[in-house]
Amino acid sequence: MYCDEALDAVEAVAAGDLAPEGRLSEHYASCADCAAALATARRLDALLQERITPQPPPQFTARTLVRVRRARWRTEQLLDVGFNVAIGVVILAIVAAVWMVLHRSGMAAVSNDAADMFGRGLVTFVQRIAPSVPVYGAATALLATALGIWWWAERDATL
């Protein structure tokens, strides 16, 4: 066994997490430097075990969790803003690409004609249904009134 392997195990042996068996115990017995490192680590571990640990201040856990949550929230907010900006850029690029395709291919003229035709059709539709709008409005008002009275009657019945 080499010294670097034995020195890597010194802390675990000193803490009692690893039992020095076989080649490891033979190496500690034969190598003065590694034995000294093990003895120093055991003294340090014993010193740390004897030391009194300070008690945390009141509300330490609650304040720490609040700070962690706040930091996580800020990180998530930055991520959300970045995501929204990226989506906006992608949508803007798509709109620009569609506009360029329409403009370069001559489809803009066709789309203008289609928009004019749709507008004329909408005007014709509105002119046809305009005489019926008051009847539909009155029917809607009557239905809303009936539902309101029904709701009011049911509300009083449950009290």
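Predicted model: local features only at pLDDT ≥ 70, side-chain atom pairs only at ≥ 80, totals over all residues.
Helices are DSSP runs (H or I, at least four residues), numbered from the N terminus. Just after α5, Gly106 takes a positive phi of about 85°.

Val90, Ile94, Val98, Leu102, Met107 and Val110 form a nonpolar patch on the surface, and together they have about 490 Å² of accessible area, computed by the Shrake-Rupley method with a 1.4 Å probe and only the protein chains shown as cover. Such a patch is made of residues with over 30% relative accessible area and no salt bridge, nonpolar side chains (Val, Leu, Ile, Met, Phe, Trp, Tyr) being joined within 5 Å. The largest share, 4 residues, comes from α5, while α5 and α6 (107–129) each supply at least two. Val110, which lies in helix α6, counts as partly exposed because its relative accessibility is 46%, between the limits for buried (under 20%) and exposed (over 50%).

A search of the whole structure finds 1 salt bridge, defined as a side-chain nitrogen of Lys or Arg within 4 Å of a carboxyl oxygen of Asp or Glu. Glu5 forms a salt bridge with Arg23, the closest N and O atoms being 3.7 Å apart. This pair links distant parts of the chain, with Glu5 in helix α1 (residues 3–8) and Arg23 in helix α3 (residues 23–30), 18 residues apart.

Residues are numbered from 1 along each chain as its sequence is written, and side-chain values use heavy atoms, with hydrogens and water left out. Local features need pLDDT of at least 70 and side-chain atom pairs count only at pLDDT 80 or more, whereas totals for chains, interfaces and linings use all residues.

Terms used: Patch = residues over 30% accessible without salt bridge, like charges linked within 9 Å, V, L, I, M, F, W, Y side chains within 5 Å. Buried < 20%, exposed > 50% of the residue type's maximum accessible area, 1.4 Å probe, protein only.
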